[in-house]
Amino acid sequence: MSVLSADSGTAAAAGESPDTGAPADTGERHRLTALTGLAALSLDAMASVAYGPEAIVLVLAAAGGFGLGFTLPVTLAIAGLLAVLVASYRQVIAAFPNGGGSYAVAKTHLGRRTSLVAAASLVLDYVLNVAVAVTAGVAALTSAFPGLYAERLPLCLGVLVLITAVNLRGIVESAKAFIVPTAVFVISILVLIAAGLFRDSPVSTATADGHASVVADNATTVGALLLLKAFASGCSALTGVEAIANAVPSFRSPRARRAQHAEVALGAILGVMLIGLAVLISRFGLQPVEGVTVLAQLADASLGHNWAFYVIQFATMLLLALSANTSFGGLPVLLKLLARDNYLPHVFALKADRQVHRHGVLTLAAVSAALLLFSRGDTNTLVPLFAIGVFVGFTIAQTGMVLHWRQVRGPRWRGKAVLNGLGGLLTGVSAIVVTATKFHDGAWLIVIALPLLVAAFEAVQRAYAGIGDRLGIGRVPEAPHRTRSLVIVPVSGLSNLTSEALNAAVSLGDEVRAVTVTHLEPEDREAATALHRDWELWNPGVELVELKSEHRTVGRPVAAYVRKIYDYHPGTRVTVLIPEVEPPRLWQRLLQNQRGAVVAHAVRRDTPAVICRLRFRLPGRALN
């Protein structure tokens with residue numbers, strides 16, 4: 001194995017395929033450009049304009065029309081935080097081009113435990129993003145077609161299956177599939193903003209007519225706590241900003257530069273949309289009403305209640321549902337890094353042919369499906385849990401980058417450190433505010449889940465450390481030496497399968513014994529007698545040992561025989577070679593009696609013997 005690994009590594013270093021010596025396929029065509037990266041990894045942030053401004057307005061509505069006047073200042077504060085985060089994550093991308101975002105930063109500069117907190121917070125946020133995005137998208141659909149409300153859970157699961165299937169084909173395929181809906185949504189929102197800026201009053205209020213207002217009456221003051229709560233609620237629009245930094249390896253070379261371009265484009269587009277919508281809310285004096293989204297009212301006011309209104313509604317619905325793709329692009333890369341560091345099963349580090357971390361994608365889909373079943377497809381059940389984890393990750397990343405610049409001390413390092421320090425301060429305060437204001441609404445679950453997830457990471461790492469210690473990984477083992485070897489082959493009759501098994505056995509060991517389990521019933525005794533007669537006629541040069549059993553079992557008698565060998569010959573290396581038929585078609589495997597699995601389980605459980613399962617493949621025409 002070590003020779004093969006060394007040869008493969010040499011071929012890879014030379015840029016050749018280890019199998020053929022041909023130029024290696026580096027998989028660049030299955031990676032992202034800046035444009036496709038924007039489509040694949042920014043849907044979460046882009047779609048947040050559908051609920052970020054609304055979250056601000058709903059909080060400020062508690063202070064009446066006077067409170068709604070603070071919509072633009074609060075949005076400008078969030079846009080300022082967005083600008084700081086984008087600038088900071090550009091630096092994270094340059095300093096940590098292998099991806100991982102806050103986890104990679106914390107691992108290098110803040111220690112193991114802090115890095116696991118960052119990883120756990122991102123994992124929770126990514127999973128919740130999928131569930132919230134899918135339920136929000138389906139909620140938009142059921143708002144347009146109320147008759148589908150009772151079917152929202154099956155619709156949520158159907159959307160999740162669709163997104164998962166697309167991502168299993170590769171991140172580039174998902175980007176190509178989602179780039180058109182993203183472009184339609186962004187262009188629609190920008191047209192809405194541009195049209196609204198030329199209006200002195202709403203073109204139409206048909207959408208809100210007949211719906212009850214949720215604005216409080218007779219309020220003339222706005223307290224600092226209310227403004228903080230509005231800021232915290234609006235910060236949900238910033239989720240997804242970190243996704244590009246987490247998935248830098250998914251970009252084409254030069255990876256860091258392309259990822260930085262995508263990050264800046266995301267910040268610019270999102271900032272323009274958030275500020276533009278806030279300006280229109282103030283310009284039209286919009287007031288939130290029950291059953292109608294703020295974005296729908298703005299579309300009505302700017303463009304009228306016509307086909308353009310429905311284009312925006314359907315584009316919003318589609319992008320909300322597809323914004324779950326951000327998690328499918330970012331989380332599998334993070335899981336790969338955790339697996340590489342022994343904090344998750346190593347299977348999460350494996351890639352399929354299309355540069356897909358298949359196990360990460362499927363695990364994310366399974367956990368998200370469980371959340372959808374738990375919430376029954378209700379967005380309001382999940383929203384209070386949302387966005388806390390990402391702000392914890394923001395704060396850890398910015399704090400770590402301050403230490404990074406102090407160590408590197410490159411050109412203008414002080415300015416970069418100040419920028420990251422400001423970002424860490426703002427996001428830290430935001431994390432505290434978001435947690436405090438949403439604690440009783442369900443945020444306490446995140447406070448409990450985050451340390452539990454960290455504990456799970458550490459448990460996996462301890463398990464790998466124990467396995468590595470017992471295997472002597474990192475130490476030079478003793479030189480190989482021969483010991484007496486015995487191969488035991490369970491048989492039940494004579495066939496080509498028996499012949500192939502004995503051929504393999506005599507090639508593996510110094511001594512070979514065939515064993516057959518017999519029972520007390522008359523028909524079993526007759527079969528055993530016939531087997532012994534045929535064995536003597538065949539005369540393969542291998543002893544046939546009969547194992548009598550009072551019970552109709554095959555695994556325990558074989559395991560008991562192996563234990564006796566170890567008792568009488570403790571230095572013997574015993575291998576149990578179990579021959580099994582492998583039919584050409586999958587459904588035909590259900591016809592097998594599964595005795596091989598039973599024997600393997602019993603021997604593995606009760607003895608230290610080596611298990612070898614020999615698959616005898618039948619030709620495709622055999623069972624036609």
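This report covers salt bridges, a cavity, a surface patch and some backbone features of a predicted model.

Local features need pLDDT of at least 70 and side-chain atom pairs count only at pLDDT 80 or more, while totals for chains, interfaces and linings use all residues. Residues are numbered from 1 along each chain as its sequence is written, and side-chain values use heavy atoms, with hydrogens and water left out.

## Salt bridges

Side chains of opposite charge can pair when their charged atoms come close. A salt bridge here is a side-chain nitrogen of Lys or Arg within 4 Å of a carboxyl oxygen of Asp or Glu. The search of the whole structure finds 13 salt bridges. Among them are these pairs.

| Pair | N to O distance |
|---|---|
| Lys107 and Asp341 | 2.9 Å |
| Arg615 and Glu580 | 3.5 Å |
| Arg605 and Asp606 | 3.0 Å |

Take Lys107 and Asp341, which meet through their side chains. The pair links distant parts of the chain, 234 residues apart. Lys107 sits in helix H7 (residues 102-109). Asp341 sits in the loop between helix H16 (325-340) and helix H17 (358-375). Helices are DSSP runs (H or I, at least four residues), strands likewise (E, at least two), and both are numbered from the N terminus.

Burial uses relative accessible area: buried is under 20%, exposed is over 50%, and partly exposed is in between (1.4 Å probe, protein chains only). Lys107 counts as partly exposed because its relative accessibility is 38%. Asp341 is buried, because its relative accessible area is 16%. Lys107 and Asp341 also belong to a network of salt bridges that includes Arg340.

The side chains of Arg615 and Glu580 form another salt bridge. This pair, too, links distant parts of the chain, 35 residues apart. Arg615 is in strand S5 (residues 610-617) and Glu580 in strand S4 (residues 573-582). Arg615 has 45% relative accessibility, so this residue counts as partly exposed. Glu580 has 11%, so this residue counts as buried.

Arg605 forms a salt bridge with Asp606. Arg605 is partly exposed at 47% relative accessible area. Asp606 is partly exposed at 30% relative accessibility.

## The second largest cavity

Rolling a probe the size of a water molecule over the atoms shows where empty space is left. On a 1 Å grid over the protein atoms alone, a cavity is a set of points where a 1.4 Å probe fits but cannot get out, and lining residues have an atom within 4 Å of a point. Grid points are joined across faces, edges and corners, and a volume is the space filled by probe spheres set on the points.

Two cavities of 30 Å³ or more turn up in the whole structure. H4 gives the largest share, three residues.

By class, the lining of this cavity has five nonpolar, three polar and no charged residues. In this count Ala, Val, Leu, Ile, Met, Phe, Trp, Tyr, Cys and Pro are nonpolar, Asp, Glu, Lys and Arg are charged, and the others, Gly among them, are polar.

## A nonpolar surface patch

Phe439, Trp444, Leu445, Val447, Ile448 and Leu452 form a nonpolar patch on the surface. Together they have about 530 Å² of accessible area. Patch residues have over 30% relative accessible area and no salt bridge, and nonpolar side chains (Val, Leu, Ile, Met, Phe, Trp, Tyr) are joined within 5 Å. Areas come from the Shrake-Rupley method with a 1.4 Å probe.

Phe439 lies in the loop between helix H20 (413-438) and helix H21 (444-471). Its relative accessibility is 34%, so Phe439 counts as partly exposed.

## Backbone features

The peptide bond from Ser253 to Pro254 is cis, with omega near -10°. Pro254 is in the loop between helix H12 (243-246) and helix H13 (255-284).

Asn342 is not a glycine, yet has a positive phi of about 70°. Asn342 lies in the loop between H16 and H17. Asn342 is partly exposed, at 27% relative accessible area.

Asn539, also not a glycine, has a positive phi of about 50°. Asn539 is in the loop between helix H23 (522-538) and strand S3 (543-548). At 60% relative accessibility, Asn539 counts as exposed.

Methods: Patch = residues over 30% accessible without salt bridge, like charges linked within 9 Å, V, L, I, M, F, W, Y side chains within 5 Å. 1 Å grid on protein atoms, 1.4 Å probe; cavity = no way out; pocket = protein on both sides within 12 Å on 5 of 7 lines; lining within 4 Å.
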